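My notes follow in the order I made them.

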Amino acid sequence: MKRNLLIGKYWDPEAVLEGLDKLTSQGVRIFDVFSPFPIHGIDPYLGSKRTRLTVAAFIYGCLGFLTAVTMMSLIYGVVWPMNIGGKPALAFPSFVPITFELTVLFAAHGMVITFFIVGSYWPGKRARLLDIRQTDDVFIIAIDKSKVSDEAAVKAVFEQTGAYDISETEYVK
Amino acid sequence: MSHVRSPIRQKWVTNTETYGQITADVARPIEAKPNLLWLGVTAFSGLVMLMGFAMIGWTIWEGIGTWGLNKTVGWAFDITNFVFWVGIGHAGTLISAVLLLFRQEWRNSINRASEAMTIFAVVCAGIFPLLHMGRIWLGLWFLPFPNTRGSLWVNFNSPLLWDVFAISTYLSVSLVFWYLGMIPDFATIRDRFAMKGKMAISRIYGILSFGWEGSSRNWSRYEVISLILSGLATPLVLSVHTIVSMDFATSVIPGWHTTIFPPYFVAGAIFSGFGMVQTLMIVTRKVYKLENYITMDHMESIAKIVLATGSLVGLAYMTEFFTAWYSGSLWERYIFINRAFGPFGWSYWIMFSCNVITPQLFWFRKIRTSMVLTFIISIFVNIGMWFERFVIIVTSLHQDYLPSSWASYSPTYVEFGILIGSFGLFFFLFFLFAKFAPVVNMFEVKTLLKHPKKPEGLKTGSEPVTV
Amino acid sequence: MSQPTYWRGLDELKQTPEFLEEAKNEFPTSMPLEDMLTDKADEALGTTASRRDFMKVMGFGITAATLAACAEGPVKKAIPYVNKPDDVVPGVANWYASTTPAGVPVLVKTREGRPIKLEGNPDSSHTGGGLDAAGQAILLDLYDQDRGRKPSKGDAFVDWSDLDSAMIPAFQQIAASGGAVRVLSRTISSPSAKAAIAAFLAPFGENGSHVTYEAVSASAISQAHEADFGVKAFPSYRFDKAKVIASFSCDFLGSWVSPVEFLHQWASRRNPDGAWMSRHYQVESVLSNTGANADLRFTVKPSQEGLALLNLYNKVARLLGQPSLRGVTEFNVAANGLDKLATELVAAKGESLVVCGTNDVVLQRVVNGINSMLGNYGTTVDLANPSMLHQADDVALATLVDELKGGKIAALVLLEANPVYDTAYGAAIAQALPTVGLSVSISLKADETSKFCTYYVPSSHFLESWGDAQQNAYTYSLVQPAIYPIFKTRQAEETLLRWAGVQGSYRDYVMAYWQSNLYGEGLGFGKFWEETLRKGIFTKEAAVAAPLTFNAEALQTATGRLNTAGSDLELAFYQKVGIRDGRQANNPWLQELPDPVSRVVWDDYVSVPYTLAEEEGLKDGDVVEVKAGESSFSLPVIVQPGQANGVIAVALGYGRTDAGRVAKKVGGVNVYPFMPASGNAVTSNVSMSKTGGEYELARVQTYSLLYDENIGKRFAKSWGKEYEFDRSHEIVKETVLGYYQSEDANNPYHKSLKKYEDKKAHLVTLWESHFEDPETSQYLHWAMAIDLNKCTGCGACVVSCNAENNVPVVGKKEVLTRREMHWMRIDRYYSGDPTNPDTVDTVFQPMLCQHCDNAPCETVCPVLATIHSTEGLNQMAYNRCVGTRYCANNCPYKVRRFNWFNYTNGSEFTDINPSQSEVGRLVLNPDVTVRFRGVMEKCSFCVQRLQDKKLRAKLKDQTSFAKPDPNDRGFTACQQSCPTGAIVFGDRNDPKSEINKIWFDPASKENERKYHVIEEVKTLSSIAYLTKVRNRTAEEAEAQAAAIAGYKTEIFGVDMSGGHGEAVHTEAH
């Protein structure tokens, strides 16, 4: 969808945090912040909920665990009980390693794939950048124009907190 | 996730004022034209790799008989190389995962390269379990897939099968972890090429970067999954070498049948891994002039880990002897005495001096901070750890139970060829990586830079762009 | 080459209408398939089918199979029969009774017309159903690609018809002109063959004669008996009747005259729990296979043997109050052994036996003297029923050589004789032969002698021939073909008869002979013949021994020569158990059969006694030049413990130049030219010098020690006794009869039993067994017991296994890298003090897959290529194997074998591995897969045979619960061929079986002797070993233990006395 954004560009992450602090205290809702690296302590200002990827990972793990246990138990318990070196057909101790590996395998890959889907990333996807340097050394606070009442105030905050460039732009996503 | 910043214990980035400088420094080799040095070493390692492939081809064509193995010593170079390379791999995961969990910020500048090392080492390792099979073309039979040969499945009791699962899981998970880490940096490279107007190259990196924009919402998810991945990778890395050690520990052969193996192998793996990290880092930081990011402090902390794990390994060696003596079993006692003083005693002493004695030099700061000495020692560590596996495998086998079957073992040129070839493969891959990917994790290093200066050339009123 | 044979077979098939005629009424309509599967098949066949026709059909069948086999790779396509012979059921073996040239009655197993296995005939009282290594391997000579295929004159081939039409007049002409004709042959035990030769020689009157020789001659024995008793014959020895055996360098268990017979007799008295156990003394210079199994062994130089015998004679005479020989130099073996021996011989008067393997008339006469003094004639030495298996006559040979030199011979016919190679006269004969007007060499293959003959005439293998054999005065057996001649050959007897103008087949000739000479009264001859043909054996009444008188005075005059001191270095010649006299040198199975004592394959060498080697600083593989008289030769050295000091030994049968491709690969030196006229050693001016050269000898067992002595040396000194790391008692258990029979609970044997019991109590396992209580179990559980007391290490089982299981031959280079493929090996360990040859003990331990119920190999195979069967077999699925070799690494017994290369067509194995030659691969057993490279293989307990037995049992009883005959002697190939019956095999859950008693019955003494190798690993092996019990007294045991302790104390530099009480094994090289 098309949006009109108010953006302030910074060169210092500290300043960005300061700006966000001010804006949110004025009840301005932050559309997004773009930064070359994760700025620690930024999440509260974005008002975004804690990600549930962790839960996903856990579920995938359980899935892997079950797959492993059922596969081996079925094969040796039901389909093909064998006398291997005098051990019982269902020698659970020796199932442990494979069970563990499959658990990890499922959890890791399941989670990462989910991440790409949620964040809608795929090889060859085009990136829309507000500033070509935003993956290098420029930090951008973006605010949805339609969601703010007093644009001047916002610009003022940008001003005070040392944004070196304040502008409005159309953003398609 | 964390609202708490870990207190900065040490300054891990030196003489650097702006974020842009970091980007510039790291991206330089990628943007620059390949120089002769790089071409030379890459070509050379490429040739060595091809020679190795030739030997592998010969083995598959003619049969395992082209190696020096016999009815008594059924494994030697093949599995030695396998365990050696897997071991190397471990340091990478350890640095990226375990140190992340422990908030060791100094990992940030070396994790990228060491993860790459992990991948390439595991690739090398992967060759051998396949190659050592008498009928490699049936490798698929290692997988438990429903088949038309009646009800026919794999042996879930066999450590070799555990290996299959462990190694494949390990390789794929490390690969994902590594690539995930590179996405933001690929994005950075993409944009730099875009700035320079080199759209074609920019596009290539664009594809690699999955269209990363650096939106904070994704950053936070990104950090969460990195953390969970490290959480998974840590037990994984331990499990992998534990399972590898079980190839031996679960057998009945004196010298293999040892409960101490899992911890001992893991320690050894970390030890050898860090040895290799030293070797690589010393070269990389010098050639790419990255001394500001891979600082002397980094090299020192690595040396300290080598020292620690080296001592652990030494302890393990001695424990083995104690256990053998304490067991009261003549077979056990004999095999260990034979290990140190028998026909293959020389290999034992190479192992011992390289792994236990040389690392002790790292007690001295002077040596830790001398890159030349560190480099030499790291080479010794690599040699020593290769021999550790050789000693465990060959000395235990060549004189086991029935003296009538005792035999000796001497490798053939084919085995040497394959060993050297695997190094060729490893370095060839590493050089490619070092040229086309950021060897230092830019965005993580940037987090270490406090109070940056204002960068030059900040343009105002620039329009949004799509790359 | 198979092409002409093929058409020939087909032609005959076409050309004989009467065959088709017979074939019609041959169909036994009343014969259901089951009968075919049972022994009835042979019976029916014997009574209905005419063998000649059968042979014709076989001819077609075999050539078809030959063609099929000519495809690359072992038999890949099967060509269906055009007319299926009635008595051939594809996939079901036919058995025919026959007899090997060595006179051992055998059963020939044929599959679709191919003989694929020889097995001793269990009905034979003579051999008891065993067969030795050489006998097993003779099957492969049938498929030898270097066999003669056509008659030839010089280099030109001759057609049979032309040959006959040339020879018949030639001989008539000689007969007319009164020229001398000689037939030279090796021992011919066949009466009808002798008749045929006689018939051939008849026209020449007294100008014709038949000379018999042997490469390794014992002619002195018959000569001595002629001199002493006027009977020129080779007596039958009865080792089963002898309580005390005194063998003077006589390798009767290994290579001497009739090993299978002697092994059978000897072993029947080696049971420590039997009524009595024979006491076996061996006095010899070289450590022979027999000496290795003796209870007490003394070493003498060859030159001292005479003295030893003379002194023994006198001691015996003295004890018996008879006149002793005068002027005998005093001599005794170590520890006054001769006195002990004499006393025991006398104590066992009439039940003792003295034999001497040295070909020296005077020695043999002394032996005769001793035996007759002891009254052994008629009991253990049977001169009334002489043996027919050794008829060499050195005198006749010598005369023949003189005649040849003198150009007195008009025609010489050699029957399977190769005197140029295997006699001391070789050079002379080679020189003289071209001067002989007509010389014909009739033999299986053109050899060193044929080169010098006018004609070479190929003869047929015994498996392609008719005939008979006579083991001794009253035991006969028949030879019948099991296959149509593979090449254009004709059996020697038939050839001779043709030339003598006798027409008709040799089969008819043999039948006629038997009808007139052997067939007594009763059921008509036809029945008698078929019956005998089926059983293969025929026995008459034995003659009663007439009393003999021995003339000591006559001996007195002869013995002067024996009082010689000999020299410091003497050169002894001996036969190896496999290669023997070199006749079978082209046989890869035998070349790759490790020598029981030295464990060397594919090589010829000088064995040098331990002490001498120490002095000269010689080690294995050093090349030395040995000078004997004028000539000399160079060979690598093997350091041999237990060999008399001052004696070096070289094996006969090597250095063959014209035996074929395999023999060529071996090389070595032909030492026959050095053989003296009397005796088997050169006793004067022998010298040995290091050439500085080195040579790699292929040994399948590089370490003959039970632990590394060097490490022992280093640690025992400082850390005490146990750091000699002697684990021998975990592997080999042995004791002596003195301990074994005594009740004293404190003697080492009973103490070790106690220890063993305590130990077993501590062996626990996590899992509960997969096998139910044997009492209730519905399943079979195969198990094997090997009696170390009976195993002589002769290697028969090894070759038998190779034949049964298509084990590839891999050649010297591979053995050097320790990649021999044998599924069954015989480990040899020494004990005693190597510096004192008299104290060196040897023990043999057959080692094969132990079929562990807790098999370490099964657990580790990633693809489940090896798993456990419900019958306790450790199965190996070749198709599934991916070749990780993990199983082999994890096998504590190291019995698994890996296919390193593709032996069936790898270029380096051509000429060596039978399965690569188009004829050779006919020997392959169709029931056993030929393994591809990259696959692990190992002993399967001959699972194909076990299945066969089970099926037969089920067919017999018509129930699926039927169990095979519990005491069948032929379950596994090794068990079947073991001449001493050391291997017991069977279903251990079957209370009727012998193995069940050994396994479970605490009352049985076997159960007491039972143990498993490295039992502490808790593999639950299905193979039990029975403790070896040497027939020694407690004192002798203590003396031995002391000797060992002394030696160790010396080398370890710390007091090693005590030890395990059991004989403590120690390094010996």
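**Entry 1: a network**

I began with a network of salt bridges that links Asp136(A), Glu31(B), Arg192(B) and Lys196(B). A salt bridge here is a side-chain nitrogen of Lys or Arg within 4 Å of a carboxyl oxygen of Asp or Glu. Side chains of opposite charge can pair when their charged atoms come close. By this rule I find 80 salt bridges over all chains.

**Entry 2: ground rules**

I note that this is a predicted model, where local features need pLDDT of at least 70 and side-chain atom pairs count only at pLDDT 80 or more, while totals for chains, interfaces and linings use all residues. Residues are numbered from 1 along each chain as its sequence is written, chains are lettered from A and ligands numbered from 1 in the order in which they are written, and side-chain values use heavy atoms, with hydrogens and water left out.

**Entry 3: confidence**

The model scores ipTM 0.91 and pTM 0.90. I then checked pLDDT, the predictor's confidence in each residue, from 0 to 100. Chain C averages 87, and 90% of the residues score at least 70. Residues 1–49 of chain C stay under 50. For that stretch the model has 60 contacts beyond four places in sequence; a contact means heavy atoms within 4.5 Å. Residues 67–78 of chain C are also below 50, with 23 contacts beyond near neighbours in sequence.

**Entry 4: a pair in chain A**

I looked up Lys2(A) and Glu170(A), whose side chains meet in a salt bridge at 3.4 Å, N to O. Lys2(A) lies in strand S1 (residues 2–10) and Glu170(A) in strand S5 (residues 165–172), so the pair ties together parts 168 residues apart in sequence. Strands (E, at least two residues) and helices (H or I, at least four) are DSSP runs, numbered from the N terminus. Buried or exposed? Lys2(A) is exposed, at 57% relative accessible area. Glu170(A) is partly exposed, at 41%. The cut-offs are under 20% for buried and over 50% for exposed, with partly exposed in between (1.4 Å probe, protein chains only).

**Entry 5: two pairs in chain C**

Lys315(C) forms a salt bridge with Asp339(C), with the closest N and O atoms 3.3 Å apart. Lys315(C) sits in helix H11 (residues 302–320) and Asp339(C) in helix H12 (residues 337–347), 24 residues apart. Lys315(C) counts as buried, at 10% relative accessibility. Asp339(C) counts as partly exposed, at 32%.

Arg699(C) forms a salt bridge with Asp620(C), and here the closest N and O atoms are 2.7 Å apart. Both residues are in loops, 79 residues apart. Arg699(C) is buried at 9%, and Asp620(C) is partly exposed at 28%.

**Entry 6: chain B against chain C**

How many residues of chain B are in contact with chain C? I find 63 residues of chain B in contact with 63 residues of chain C. The two chains bury about 5200 Å² between them, 59% of it on carbon and sulfur atoms. Buried area is the accessible area (1.4 Å probe) that two parts lose on being put together, summed over both.

The count of salt bridges between chain B and chain C is three. Asp400(B) and Lys894(C) meet in a salt bridge at 2.9 Å, N to O. Several elements give two or more residues to the side of chain B that touches chain C, including helix H2 (36–62) and helix H5 (159–195) of chain B. H10(B) gives the most, with seven residues.
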